[in-house]
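Hi,

Here is the structure I promised to pass on. My notes on it follow below.

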Amino acid sequence: MRERIERLAREVVKFGAVGGAGVLVNLLVFNLVRHATDLAVVRASIIATVVAIVFNYLGFRYFTYRDRDKGRRTREMSLFLLFSAVGLVIENGVLYTATYGFGWDSPLQSNIFKFLGIGIGTLFRFWSYRTWVFRTLPAREPVTRAETFLEHEQPTAVRTTDGTPAAHR
């Protein structure tokens, strides 16, 4: 049990490191697009979220979950994009509601609700990525169990038709 908790803690720290860098990328691109273009707040946010999704995929695949199954990349990428799209809707739904539902659209308010949306979306993403996208490889049996198996299983000698061991021919 303790080992599982330690593994989960390491995973959360790695996920947090990549995710934290992704949040910075997301907020940086959001503010850059918002102030450098005439795009609406939510459209600027969607662009920023897409950039962060690409950044995060690379970080998760090659850092956080590098030891996970890499056998089915097409499936992995499809699921990652699907769950990222749901996270994008959650994240930008919060910003949309604040901006168009309550009229909170100053730069500070937009950043606060963008950050809040990222946080809520991150909870969903963490669960979905670790459960469905970056699946754990099957556990290896402990060495002691394999040794016990070998002690009980004695190989049978292969003999030829005249009764001599095949290795002696």
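The largest cavity is lined by 15 residues, and Gly19, Asn56, Ile118, Thr122 and Arg125 lie nearest its centre. A cavity here is a set of points on a 1 Å grid over the protein atoms alone where a 1.4 Å probe fits but cannot get out, and lining residues have an atom within 4 Å of a point. Its volume is about 140 Å³, taken as the space filled by probe spheres set on the points, which are joined across faces, edges and corners. Searching the whole structure gives 1 cavity of 30 Å³ or more.

This is a predicted model, where local features need pLDDT of at least 70, side-chain atom pairs count only at pLDDT 80 or more, and totals for chains, interfaces and linings use all residues. Residues are numbered from 1 along each chain as its sequence is written, and side-chain values use heavy atoms, leaving out hydrogens and water.

Helix H1 (2–36), H2 and helix H4 (107–133) each supply at least two residues of that lining; helices are DSSP runs (H or I, at least four residues), numbered from the N terminus.

Now for two tyrosines. Tyr62 sits in helix H2 (residues 41–64) and counts as exposed because its relative accessibility is 51%. Tyr65, in the loop between H2 and helix H3 (73–101), counts as buried because its value is 0%. The cut-offs are under 20% relative accessible area for buried and over 50% for exposed, with partly exposed in between (1.4 Å probe, protein chains only).

Best wishes

Terms used
On a 1 Å grid over the protein atoms alone, a cavity is a set of points where a 1.4 Å probe fits but cannot get out, and a pocket is an open set with protein on both sides within 12 Å along at least five of seven lines; lining residues have an atom within 4 Å of a point.
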